[in-house]
Amino acid sequence: MTVPFADLKQQYESIKDGVDAAIRAVISETAFVGGRHVEEFEEAFADYLGAKHCVGCGNGTDALEIALRCCGVGEGDEVIVPANTFVATSEAVSAAGATVVFADVDPISYTMDASNIRPKLTARTKAVIPVHLYGLPAEMDDILALAREHSLIVIEDAAQAHGATYKGRRVGALGHAGCFSFYPGKNLGAYGDAGAVVTNDDEVAKRARMMSNHGRMSKYDHEFEGMNSRLDGIQAAILKVKLGHLDEWTDARREKADLYHEMLKGQAVTLPFRPEHSTHVYHLFVVRSRNRDGLREHLRRNGISTGIHYPIALPMLQAYRYLGHDATHFPVSSEAANTVLSLPMFPELTVEQIERVAKAIGGFE
Ligand SMILES: *Cc1c(COP(=O)(O)O)cnc(C)c1O
């Protein structure tokens, strides 16, 4: 028995009829870009999150750039982002013309919290982007309070946290805007690239809709230069079908995570943090090991696929060498880069597969 890291094929097989019919409907209506299916998905996703507006766009990276620009972030502004995240979070800041400022993360949750942000504040700080990393909501109350105190814009990067809740509310609708990716491997994934900006602010929503569509509302009435980042009809129709299954898939992920927690108790790996007031949606199940590379190789030899999210803290990437950082500036993120290991995690994972992973981890050393 091998244990894959994820299995999108198996999920497709379970919803094939609905997905195939949705794709056929889009083609027969030639509703390829924008149109009914996009509107229906946007409305359903906003409802699901408890947000006022959802604006579909091309991908999660664009969603972040659009949200920043529509909240008035641009040249001369500093935006604080975690050092431990996917590069898209910081990339979008530069794309919006603003300056990237990295902050370290909390050593238990591995998300950026208010205490990481505070020392990075300057007179030019305009926004912060907390990331609900691996599916675990960042500590939003503290971040929102700090933001109010300093008049900062809060853009949530919820690309890994569809449906996760913080104190009973779904993430993505807690700050000024929330950004989602529907990349195929995400918890709610399309069959290609897709993304969305979510907001309760009418003006931000209106600007986001224009920004993503060449700065216009009607055909040739361009109020400003925007970009071309629209949601495809086919992707929206697929997402609408899949949204109906998201809670059931999230429950399945959480059950598998509980099993991992049970079976890995007492083993030489640190398990993910589970705060009482949040629901972690386990986009990734990330453990830590002092001999991470050895453990990874051991699991590979046992037919178990794993991942590393992420192997290099962002400030240490070649792309950010210009900032002149070294690992000592971000001790927690740098330690994470050397110790984190993502175990197989997807809704269809079986008890036997989890047992196999746990047994293999137990047999290491
Ligand atoms: C996937 C991801 C993104 C970017 O989404 P794309 O749709 O791939 O552009 C942004 N932030 C985080 C944390 C992600 O995991």
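Where is Leu121 found? Leu121 is in the loop between α5 (114–117) and β4 (125–128); helices (H or I, at least four residues) and strands (E, at least two) are DSSP runs, numbered from the N terminus.

Hi everyone, before I go on, some ground rules. This is a predicted model, where local features need pLDDT of at least 70, side-chain atom pairs count only at pLDDT 80 or more, and totals for chains, interfaces and linings use all residues. Residues are numbered from 1 along each chain as its sequence is written, and side-chain values use heavy atoms, with hydrogens and water left out.

Back to our leucine. Leu121 touches Ile80, Leu146, His150 and Leu152, leaving aside residues up to four places away in sequence; contact means heavy atoms within 4.5 Å. Gly74 is 47 residues from Leu121 along the chain, and their C-alpha atoms are 17 Å apart.

Now, the ligand. Around the ligand we find 13 residues, and the closest are Gly60, Thr61, Asp157, Ser181 and Lys186. A residue counts as near if one of its heavy atoms lies within 4 Å. That shell divides into four nonpolar, seven polar and two charged residues. Here Ala, Val, Leu, Ile, Met, Phe, Trp, Tyr, Cys and Pro count as nonpolar, Asp, Glu, Lys and Arg as charged, and the others, Gly among them, as polar. Two helices, α3 (60–70) and α4 (88–95), each supply at least two residues of the shell.

Which atoms approach the ligand's oxygens? A polar side-chain atom of Thr61 lies 2.5 Å from a ligand oxygen, a backbone N or O atom of Gly60 lies 2.7 Å from one, and for a polar side-chain atom of Lys186 the distance is 3.1 Å. The protein covers 92% of the 380 Å² of accessible area that the ligand has on its own, using the Shrake-Rupley method with a 1.4 Å probe.

Two backbone details to finish. A cis peptide bond joins His309 and Tyr310, with omega about 15°, and Tyr310 is in the loop between α10 (292–301) and α11 (331–339). Thr30, in the loop between α1 (8–29) and α2 (36–49), has a phi near 45°, a positive value in a residue other than glycine.

Definitions and conventions. A polar contact is a pair of N or O atoms within 3.5 Å; within protein, one must be able to donate a hydrogen and the other to accept it, and residues adjacent in sequence count only if both atoms are side-chain atoms.
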